[in-house]
Amino acid sequence: MIRRPPRSTQSRSSAASDVYKRQILSNRTPLFTASNEDQEPTLSPETEKNLMKVLRLVLNAEVEGEYLRQRLSKRRLFSVHEAFRAIDRNEKGFITSEQFRKLLEDYGIFTSTKDIQHLMQRFDKDKDGRVSYAEFTQEMTPKTTKI
């Protein structure tokens, strides 16, 4: 069992803190192991399981996104151009992170700053802080002919 030094002595003695940190590091399960330098690292079973969960979630999100892009493209009344204009309310020819946030809030979706940053990373291909019509169209257009 690892014993954490009491708070009062912990601040007084960095040596006790170093001992505690060494105990933690020596008793933790390694993220990967390699029996010799010629072999590739092997993930621990728990890490491998979690990695597979993350990859499955990412792939499922991509498939779902593509499915929705295809459904939108088949709707007679849907236009990427009109969707862009609806978000670009001030008609400057680009969409800002604030406009994305406002659109989502209008539909009852409240997001964190980090969520909006991820959305911008997805749409803003040239990383200039705004989404052009071409970038929006590229992201909204189906990538495959059929899923």
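I began with lysine 127, which is exposed at a relative accessible area of 57%. I take exposed as over 50% relative accessible area, buried as under 20% and partly exposed as in between, with a 1.4 Å probe and protein chains only. The model is predicted, so I note that local features need pLDDT of at least 70 and side-chain atom pairs pLDDT 80 or more, while totals for chains, interfaces and linings use all residues. Residues are numbered from 1 along each chain as its sequence is written, and side-chain values use heavy atoms, without hydrogens and water.

**Loops.** I placed lysine 127 in the loop between helix 6 (113-123) and strand 4. Its phi is near 55 degrees, positive in a residue other than glycine. Most residues other than glycine have a negative phi. I found a positive phi of about 55 degrees at glutamate 91 as well, also not a glycine. Glutamate 91 sits in the loop between helix 4 and strand 3 and is exposed, at 64% relative accessible area.

**Whole chain.** I count 7 helices and 4 strands, in the order α-α-β-β-α-α-β-α-α-β-α from the N terminus. These are DSSP runs numbered from the N terminus: H or I of at least four residues for helices, E of at least two for strands. Of the 147 residues, 18% are buried. The accessible surface is about 11900 Å², 55% of it from carbon and sulfur atoms; areas follow Shrake-Rupley with a 1.4 Å probe, and for residues only the protein chains shown count as cover.

**Helix 4 (residues 80-87).** I list Val80, Ala83, Phe84 and Ile87 as its buried residues. They lie on the same side of helix 4, because they cover an arc of only 100 degrees around the axis, taken from the directions from the helix axis to the C-beta atoms. These residues pack against strand 3 (94-95), helix 5 (97-106), strand 4 (131-132) and helix 7 (133-140), with contact meaning heavy atoms within 4.5 Å. At the N-terminal end I find serine 79 as the cap, a side-chain oxygen being 3.3 Å from the backbone nitrogen of histidine 81.

**Salt bridges.** I count 11, each a side-chain nitrogen of Lys or Arg within 4 Å of a carboxyl oxygen of Asp or Glu. Arginine 122 meets glutamate 62 at 2.9 Å, N to O. Arginine 122 is in helix 6 and glutamate 62 in helix 3, so the pair ties together parts 60 residues apart in sequence. Glutamate 139 also bridges to arginine 122, at 2.8 Å. Here helix 7 is joined to helix 6, across 17 residues of sequence. Burial: glutamate 139 is buried at 6%, whereas arginine 122 is partly exposed at 34% and glutamate 62 partly exposed at 32%.

Aspartate 106 is in helix 5 and arginine 89 in the loop between helix 4 and strand 3, 17 residues apart. Aspartate 106 is partly exposed at 39%, as is arginine 89 at 47%.

Methods. Polar contact = N/O pair within 3.5 Å; in protein donor to acceptor, adjacent residues only side chain to side chain.
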